[in-house]
Amino acid sequence: MTDPRGPLVPHPRMNRTEWILLAALAALWGSSFYFFKILVATLPPFTVVLGRVGLAALVLNLWCAVRPGRAPVPARTWGAFAIMGLLNNVIPYTLIAFGETRIASGVASILNATTPVFTVFVAHLLTTNETLTPAKAAGVALGFLGVTVLIGADAFAGLGRGDVIGELACLIAALSYAFAGLYGRRFRGMSPVTVATGQITASAVMLIPLAAIVDRPWTLSMPGASAWAALAGLALLGTVLAYILYFRILATAGATNLLLVTFLLPVTALLLGWLALGETLGSHAFAGMAMIGLGLACIDGRALTLCRRRDRGHVATGGKSSRTMSPTSSSAAG
């Protein structure tokens, strides 16, 4: 019987290609916050979420329809797509949209950055190949602390002082993302495009009644050109392309490594603000980015392994040099 959690393939570290894809995913999802800001100025949150996944589902299904060699998806797989869409889109998108109506975006960002923390512990309990190691635990702690430093002490101080229900909603969203990362392991071996299409299509179907009940979008005014452009960017870049990368990384690097992307999102948002909007970077920003980088290096493990090898090589070379010089020294003395 196939393990429902996915094949027991070890995920000790990511290779260079996977790190590049993770950085690209962070850039895509980081830009989504910019598009979302434009859209929520004219449209309610659930309508924005439905527009995002609805347009993305339309594009992906058209792509799959014209792609040669497309295999039909078994009916039972659509049930798995629905569960994945519920965990990865419907629950977290809804909770974050609700939470950000009650708490500051900085607090929401910190709470969203708990996703890798939840993932590490959930993966340790529910899997056999993504167990918790001291280096991984230290890396996650450094990464989370780096996010709090990067966002700023004011936002961190706001934790526990704002609306507890809003904060709890964002924490449950982060936990849902963690379970989604682990549940998505079962799609390993399937095309990332197929999985992204199935998950997003199922999410759109579930979000239609939610948006209809809460927002009643048929009563809203038609958005302007800038809103349509932002929706296209959010759907095509932040959803279609982003989820193709998401499932590509998940299949090869595992859930724990994949969800490190939430540590990189504040970095992306900060750099985009600096490059596109001329915002200044304070010393806390550089300190936070350095801590995030150190945390990712600890989780990756290669830098630590390289240092250990160099230390062993240095000791071995030193010992060999001493042994080879001993006869010479003895001869000279004699």
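I note that the model I am reading is a predicted one.

**Entry on L237**

I found L237 in helix α10. I then asked which residues L237 touches, leaving out those up to four places away in sequence.

**Entry on the whole chain**

I looked up the secondary structure of the protein chain and recorded 14 helices and zero strands. I next looked up how much of the chain is buried, and the share is 44% of its 334 residues. For contacts with a separation of 6 or more, I noted that 89% join residues 24 or more positions apart.

**Entry on helix α1**

Helix α1 covers residues 16–40. I checked its length: at 1.5 Å a residue, its 25 residues should span 36 Å. The C-alpha atoms at its ends are 37 Å apart, which agrees with that expectation. I then listed the buried residues of α1, and among them are L21, L22, L25, L28, W29, F35 and L39.

**Entry on α2 and α3**

I wanted to describe how helices pack, and two packed helices are described by the angle between their axes and the distance between the axes. For helix α2 (residues 45–66) and α3, I recorded an angle of about 150° and axes 10 Å apart. An angle over 145 degrees counts as roughly antiparallel, so α2 is roughly antiparallel to α3. The crossing of α2 past α3 is right-handed. On the α2 side, I listed P45, F46, V49, R52 and V53 as making the contact. On the α3 side, I listed Y93, T94 and A97. By type, the residues of this contact are six nonpolar, one polar and one charged.

**Entry on α3 and α10**

I turned next to helix α3 (residues 75–99) and helix α10 (residues 225–253), which pack at about 130° with their axes 14 Å apart. This angle makes α3 oblique to α10. I recorded a right-handed crossing where α3 passes α10. Which residues meet here? From α3, I noted M84, N88, N89 and Y93; from α10, I noted Y243, Y246 and F247. I sorted the residues of this contact into five nonpolar, two polar and no charged. Y93 of α3 is listed in this contact, and Y93 is also listed in the contact with α2.

Lastly, I looked up R216, which lies in the loop between α9 (192–214) and α10. R216 is not a glycine, yet I recorded a positive phi of about 45° for it. At 48% relative accessibility, R216 counts as partly exposed.

Key:
Residues numbered from 1 in each chain as written. Predicted model: local features only at pLDDT ≥ 70, side-chain atom pairs only at ≥ 80, totals over all residues. Heavy atoms only, no water. Axes fitted to C-alpha atoms, helices over the stretch in contact; angles between N-to-C directions. Helix = DSSP H or I, 4+ residues; strand = E, 2+ residues; numbered from the N terminus. Parallel < 35°, antiparallel > 145°, perpendicular 65-115°, else oblique. Left-handed = near helix turned anticlockwise from the far one by under 90°. Contact = heavy atoms within 4.5 Å. Nonpolar A, V, L, I, M, F, W, Y, C, P; charged D, E, K, R; others polar. Expected span 1.5 Å × (residues − 1). Buried < 20%, exposed > 50% of the residue type's maximum accessible area, 1.4 Å probe, protein only.
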